[in-house]
Amino acid sequence: MAQFDASSLRELSFKQDGHELYFSKNEFTSLSASSTSTVVETKADTNQSSVTQVSEAKSLVIDEPAVTEAEGDVVESPLVGVAYLSPAPGKPQFVSVGDSVKKGQTLMIIEAMKVMNEVPAPADGVVTEILVSDEDVIEYGQGLVRIK
């Protein structure tokens with residue numbers, strides 16, 4: 001788990017012999033009630049039996065402070081790729097929250113098939129939220145930034 005946490009991977013799924021292991025760094029605010037059990041199986045030496053830990057979650061309520069959504073229009077990804085918030089490693093980001101942007105100004109770069117594609121601001125405004133992190137793998141139509 002420490003290696004996964006230190007890696008740039010966002011999700012990992014592994015299935016073998018009817019067992020499944022799933023890791024995710026994505027943040028979720030609530031879990032579905034359909035997630036009823038999690039099974040973790042560890043095999044010890046041949047002299048010891050398998051240890052199975054089962055955790056049941058019939059209903060899960062998470063008490064968190066209300067999250068207010070930033071105002072503005074979401075700029076969506078025009079393609080699938082890797083998002084870069086700065087022009088090069090160690091350089092300042094193209095934009096930060098609170099920055100004023102002009103129509104056509106570069107918000108970030110998306111790398112797809114070794115091609116760097118600039119994502120331009122669709123209109124003048126102020127960046128109210130950045131919805132992705134540097135080097136995130138993003139999907140087509142995924143929200144990138146919010147501009148008011």
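Predicted model: local features only at pLDDT ≥ 70, side-chain atom pairs only at ≥ 80, totals over all residues.
Which residues does aspartate 136 touch, not counting residues up to four places away in sequence? Residues are numbered from 1 along each chain as its sequence is written, and side-chain values use heavy atoms, with hydrogens and water left out.

Now the answer. Aspartate 136 touches Arg10, Gly81, Val82 and Ala83; contact means heavy atoms within 4.5 Å. Valine 82 sits 54 residues away along the chain, yet its C-alpha lies 5.6 Å from that of aspartate 136.

Where is aspartate 136? In the loop between β10 and β11 (137-138). Strands here are DSSP runs of E, at least two residues, numbered from the N terminus. Aspartate 136 counts as buried because its relative accessibility is 12%, and buried means under 20% relative accessible area with a 1.4 Å probe, protein chains only. A polar atom of its side chain lies 2.8 Å from the backbone nitrogen of serine 133.

Next, the strands on either side of that loop. Two strands pair if DSSP finds at least two bridges between them. β10 (residues 125-130) pairs antiparallel with β12 (residues 143-147), over 3 bridges. There, isoleucine 130 stands opposite valine 145. Their open sheet of 4 strands runs β5-β12-β10-β7.

β11 belongs to an open sheet ordered β9-β8-β6-β11. It is an edge strand, as is β9 (115-120). β11 runs antiparallel to β6 (residues 81-84), joined by 2 bridges. Glycine 81 has isoleucine 138 as its bridge partner.

Conventions: Buried < 20%, exposed > 50% of the residue type's maximum accessible area, 1.4 Å probe, protein only. Polar contact = N/O pair within 3.5 Å; in protein donor to acceptor, adjacent residues only side chain to side chain.
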